[in-house]
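Hello,

Here is the structure for you to look over. My notes follow below it.

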Amino acid sequence: QQIDFLGFSGSYAKGTAVKGGTDIDLFISLKPSLNMALADIYQNLHQYVQKNGYPYARAQNVSIGLSVNGMNVDLVPAKQQDAASGDHSLYKRKTNSWTKTNIQKHIQVVSQSGRLSEIRLMKLWRNQKNLDFPSFYLELAIIEALHGYSLVSASGDFSGNIIRVLNYLKDNLKTARIVDPANTNNVISDDLSQSEKALIAQAASTALTGNWGNFIS
């Protein structure tokens with residue numbers, strides 16, 4: 001009775017899902033009247049699914065990861081800040097903190113960016129290179145890297161855009177400040193350490209010295 005709505009979010013809703021990534025993200029929006037701490041909401045959900053058919057459910061940063069009939073499913077619990085705005089409070093397990101966000105705003109920013117082809121290819125590259133690069137962070141970084149360049153849908157240069165993204169990751173990822181478009185106080189780029197960013201930058205540098213045949217398989 002405390003669930004206001006449950007719906008698709010993440011890559012599936014944005015049109016950026018790829019084979020080998022999370023198949024479905026389910027956003028669980030809880031009513032603002034729920035009197036429970038965000039950490040308790042997260043931990044209770046994790047324990048509940050473990051006891052009810054998913055003993056190997058994974059505690060991730062803001063979601064609980066499940067394997068359901070061969071599909072990967074991420075459950076994202078969040079509490080509404082109010083019923084009208086769409087703003088939610090979200091627990092962040094890695095830092096034992098919380099942040100304000102708006103999933104509908106995320107979906108809008110990415111799905112209407114005109115960069116879905118580049119995002120999908122870079123996600124395949126990330127997955128095949130086993131890089132720890134959260135999807136929303138990657139999506140925003142690609143949008144920033146291609147700011148001012150032509151869209152592929154408007155006779156843009158797709159391969160050139162991928163090279164621009166790789167150069168951005170190589171040269172700028174370690175210092176670029178990327179924020180949540182729904183909350184500028186939520187610094188998405190803080191989700192990775194400098195050493196984690198360095199691994200991505202090195203992988204991008206290696207890709208630039210290689211060929212398309214080795215980029216993804």
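Strand 4 and strand 5 form a hairpin, with 2 residues between them. In that turn, N69 has a positive phi of about 50°. Please keep in mind that this is a predicted model.

S67 has N72 in strand 5 as its bridge partner.

Strand 4 also pairs with strand 3 (residues 58-59), again in the antiparallel sense, over 2 bridges. There, R58 stands opposite G65 of strand 4. A hairpin of 4 residues links strand 3 to strand 4.

How enclosed is strand 4 (residues 64-68)? Of its 5 residues, 4 are buried, so the rest of the structure largely encloses strand 4.

**The whole protein**

The protein has 8 helices and 9 strands. Its radius of gyration is 18 Å, close to the 17 Å that the globule rule gives for 217 residues, so the protein is as compact as a globular protein of that length. The C-alpha atoms fill a box of roughly 55 × 35 × 30 Å along the principal axes.

Buried residues make up 44% of the 217. Among contacts with a separation of 6 or more, 60% come from residues 24 or more positions apart.

As for charge, the protein has 21 positive and 17 negative charges, and their mean positions are 3 Å apart.

Best wishes

Terms used: Residues numbered from 1 in each chain as written. Predicted model: local features only at pLDDT ≥ 70, side-chain atom pairs only at ≥ 80, totals over all residues. Heavy atoms only, no water. Rg over C-alpha atoms; globule rule 2.2 N^0.38 Å. Buried < 20%, exposed > 50% of the residue type's maximum accessible area, 1.4 Å probe, protein only. Contact = heavy atoms within 4.5 Å. Lys, Arg positive; Asp, Glu negative; His and termini not counted. Charge placed at Lys NZ, Arg CZ, Asp CG, Glu CD. Pairing = 2+ DSSP bridges.
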